[in-house]
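These questions and answers are meant for reading beside the sequence and the model.

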Amino acid sequence: MSKVALITGVTGQDGSFLSEFLLEKGYEVHGIIRRSSVDYRERIAHLEGRPHFHLHYADLGDSMSIVKVVSVVRPDEIYNLAAQSHVQVSFDSPEFTADVDAVGVLRVLEAVRASGLENTCRIYQASTSELYGKVEEVPQNENTPFHPYSPYAVAKLYGFWIVKEYREAYHMFCCSGILFNHESERRGETFVTRKITLAAARISQGLQDCLYLGNMDSLRDWGYAKDYVECMWIILQQDKPEDFVIATGVQHSVREFTELAFKHAGIELKFEGEGINEKGIVVKGPENLIGKTVVAVSEDFYRPTDVVNLWGDPTKAKAKLGWNPNKTTFEELVKLMVEHDIANVAAEGAAAKVRTNLAEYLEKGIVK
Ligand code: NAP
Ligand code: G4F
């Protein structure tokens, strides 16, 4: 009998990679989706219609729908990836973020109990390095104190603790993966890495004039999402439930990411000025761009409180899970994202310009 997995957040970056991974392992994969007016599920479109891949309408804000799906699917493993996952958006929609990212986790745990699966179903909770927030030590490991620094992180902290509570109170096999930032060619277009790789591709093809960013000094430990979803599965295959930090152990700034991404797009940048006046000017590349400012800073992308120094220590994951933190290096990650976006933008042509504007409006919260 093949194992049955239920993935919340199946349409997201991680959900789509995890679906592919579990199907490959012979799982029966069920995912929950939300109704959308455009019904746009591009990340999983290639999986729809496959015999072992099933979709169900449900919402993490709606307990009844979660109980119904869990009791019908009766999964061996649940991967709770669904979340309002954008930190900046959590300042604009804090209550929604709390409902989905905090209470939503409780709803999943209770649905498992209500379905009588608490002794058989293993649960993975998508926790985050944002819990370390205003960091109290570098690098961060499983024992580093949490200091959440956004409505998103505060909500995720509840998710982390309620998972721990159910593990201890009801002896459920539920664990949190404290994952540091992981990116890919499927990353949402308003997260900084994808925003940069798309802009580099569009600027190199004359479809965008300038990339506007917020805090370029911010430091992150960036890995490749495809490598990270494998770890989610390994965490659930252990003899006992435990929480793990998953990270590369290597840190870079937003500025370094930008510099490298543009380099892969054939544009060499020189940075001048500081803070809000900083600019990235083209020193090598297409003739018509030499001397032009293609990267600038906009206050619109500063956050009320920003997490600026994330750096993970994956020692425990290496020792206990056999995790290889350097399977895909930072350089390889940036290259694969830029190469994907160059091809993507070339195929999209003029439509790419419309999408640039849309992504920027969405991120700035401009809905006028
Ligand atoms: P993502 O691309 O933003 O995907 C989020 C998923 O959650 C989407 O499928 C979304 O569905 C779904 N969702 C949102 N609200 C929902 C609701 N009320 N009910 C049901 N589904 C809902 O995020 P990701 O990057 O794949 O991340 C996956 C998880 O890991 C998230 O929980 C995130 O917070 C966490 N995490 C991510 C990272 C990272 O660097 N990527 C690091 C640490 C932790 P729609 O498509 O319908 O919007
Ligand atoms: O790419 P980001 O929006 O990701 P952030 O805030 O680190 O959150 C992501 O990773 C978390 C794991 O640590 C996940 F839990 C979460 O769900 C999400 O996947 O921003 C990264 C950094 C921030 O410091 C931000 O201030 O980049 C800085 N930044 C600078 N300019 C920008 C921009 N971020 C965005 N989104 N857009 C900018 O223009």
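Predicted model: local features only at pLDDT ≥ 70, side-chain atom pairs only at ≥ 80, totals over all residues.

Q: Is R41 buried or exposed?
A: The relative accessibility of R41 is 19%, and the cut-off for a buried residue is under 20%. Because its value falls under that cut-off, R41 counts as buried.

Q: With the side chain of which residue does the side chain of R41 make a polar contact?
A: Leaving aside neighbours within four places in sequence, R41 is in contact with T11, I33, E48, L55 and Y57. The polar contact made by the side chain of R41, at 2.9 Å, is with the side chain of E48.

Q: Which residues does F21 touch, not counting those up to four places away in sequence?
A: F21 lies in helix α1, which covers residues 13–24, and with a relative accessible area of 18% F21 is buried. F21 and W233 are 212 residues apart in sequence, yet their C-alpha atoms are 9.0 Å apart in space. Not counting residues up to four places away in sequence, F21 touches V229, E230 and W233.

Q: Which residues of helix α8 are buried?
A: Helix α8 runs over residues 254–264. What covers its buried residues includes the helices α6 (192–204) and α10 (330–348), together with the strands β8 (211–213), β12 (252–253), β13 (268–272) and β15 (293–297). The buried residues of α8 are V254, R255, F257, T258, L260, A261 and F262.

Q: Which residue with a positive phi follows α8?
A: Most residues other than glycine have a negative phi. The residue that follows α8 is a glycine with a positive phi, near 85 degrees, and it is G266.

Q: What is the phi of R74, which is not a glycine?
A: R74 is placed in the loop between α2 (63–73) and β4 (77–80), and at 44% relative accessibility it counts as partly exposed. Although R74 is not a glycine, its phi is positive, at about 45 degrees.

Q: Is H171 buried or exposed?
A: H171 has its place in the loop between α5 and β6 (174–179), and although it is not a glycine, it has a positive phi of about 55 degrees. Its relative accessibility is 66%, where exposed means over 50%. H171 therefore counts as exposed.

Q: Is the peptide bond from V138 to P139 cis or trans?
A: P139 is found in the loop between β5 (122–128) and α5 (151–170). Most peptide bonds are trans. The bond from V138 to P139 has an omega near -15 degrees, and this bond is cis.

Q: What radius of gyration does the protein have, and with what value for a compact globule does it agree?
A: The protein holds 11 helices and 15 strands, and its C-alpha atoms fill a box of roughly 65 × 45 × 40 Å along the principal axes. Because a compact globule of 368 residues would have a radius of gyration near 21 Å, the value of the protein agrees with that rule, and it is 21 Å.

Q: What share of the residues of the protein count as buried?
A: The accessible surface of the protein comes to about 16,300 Å², and 51% of it belongs to carbon and sulfur atoms. Of the 368 residues, the share that count as buried is 52%.

Terms used:
Residues numbered from 1 in each chain as written. Chains lettered and ligands numbered in written order. Heavy atoms only, no water. Helix = DSSP H or I, 4+ residues; strand = E, 2+ residues; numbered from the N terminus. Rg over C-alpha atoms; globule rule 2.2 N^0.38 Å. Buried < 20%, exposed > 50% of the residue type's maximum accessible area, 1.4 Å probe, protein only. Areas by Shrake-Rupley, 256 points an atom, 1.4 Å probe, with all protein chains shown as cover. Polar contact = N/O pair within 3.5 Å; in protein donor to acceptor, adjacent residues only side chain to side chain. Contact = heavy atoms within 4.5 Å.
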